[in-house]
Amino acid sequence: MGTSIIAVQKDSENINSMNRVTTKFNQPYFDKNVPKNVTALVGKTVYLNCKVKNLGNKTVSWVRHRDIHLLTVGRYTYTSDQRFRAINNPQSSENWTLMVKYPQLRDSGIYECQISTTPHISYYVHLNVVEPSTEILGGPDVYIDKGSTINLTCVISYSPEPPAYILWNHNDAVLIRFIELVLQMINYNSPRGGVNVIKEKGDTTTSYLLIQKATDADNGRYQCSPSSGQPKSIEVHVLNGEHPAAIQHGGQAHHRSSHTHCLILCITLLMLTP
């Protein structure tokens, strides 16, 4: 009799153990291969992905951690900010995506993909919204001897992908355009001739503008305008033997002279006033 009771207890324990394993196996869980860090450009739509297995009758929500704001529940959006939207294709119901249109720097932070289990389980995605930085080395002014080569270097940093194109302008006129389409490179040279661009990719994108045999006509403002980023300008001064310090000194002297003339005029007017 005692042996039978022990056997029944063991069978019951085995059944409960199997039920626990089955229940655990059928519980929703996240695909951990989905990227946890996403970098986006300011203003360019970004997608935060969350992949859920065995969802069953549970729901998936997205929560923004910065202000603990509920953004989406299932396929419905629960925020007045229309830039956010839940995307789930019924044909691939495992993928629950949060779309962010026109992302701004303030949108950077942690976003939580949450399953409505008890207690709920979460998968965290960190969004980093960046604004590419454009810099022309040696600015804001560069001085070049007449007849030498103008070499301007434009550096685009903090961009998750290289800019699709870079425009070089001279006094607001397009000087040179450099575009990459798939593997084809198109280089439109200036009618001036002797103008070339060299582009290097890496953690930063660098564009070199080379203008041979500088002349007086090459004076002026040059602007580097990448497709993804703000434009940057530099002033080029082509020298005819004069020293840059003399040019600056002359400008300051003219500035002081203007102030002196103004002062004399004011004193004269005061003396003439009855």
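Are Cys50 and Cys113 buried or exposed? Both are buried, where buried means under 20% relative accessible area, exposed over 50% and partly exposed in between (1.4 Å probe, protein chains only).

This is a predicted model, in which local features need pLDDT of at least 70, side-chain atom pairs count only at pLDDT 80 or more, and totals for chains, interfaces and linings use all residues. Residues are numbered from 1 along each chain as its sequence is written, and side-chain values use heavy atoms, with hydrogens and water left out.

**View 1. Disulfides in the structure.** The structure holds 2 disulfides; a disulfide here is a pair of cysteine sulfur atoms within 2.5 Å. Number the bonded cysteines of the protein chain in sequence order, and the pairing reads 1-2, 3-4.

**View 2. The Cys50 and Cys113 disulfide.** The sulfur atoms of Cys50 and Cys113 are 2.0 Å apart. Their link is left-handed, with -80° about the S-S bond. Cys50 sits in strand E3 (residues 46-53) and Cys113 in strand E9 (residues 109-115), so the pair ties together parts 63 residues apart in sequence. Strands (E, at least two residues) and helices (H or I, at least four) are DSSP runs, numbered from the N terminus.

**View 3. The Cys154 and Cys224 disulfide.** Cys154 is joined to Cys224, S to S 2.1 Å. This link is left-handed, at -85° about the S-S bond. The pair links distant parts of the chain, 70 residues apart: Cys154 belongs to strand E13 (residues 150-157), Cys224 to strand E19 (residues 220-226).

**View 4. Burial of Cys154 and Cys224.** Cys154 counts as buried because its relative accessibility is 0%. Cys224 is buried, with a relative accessible area of 0%.
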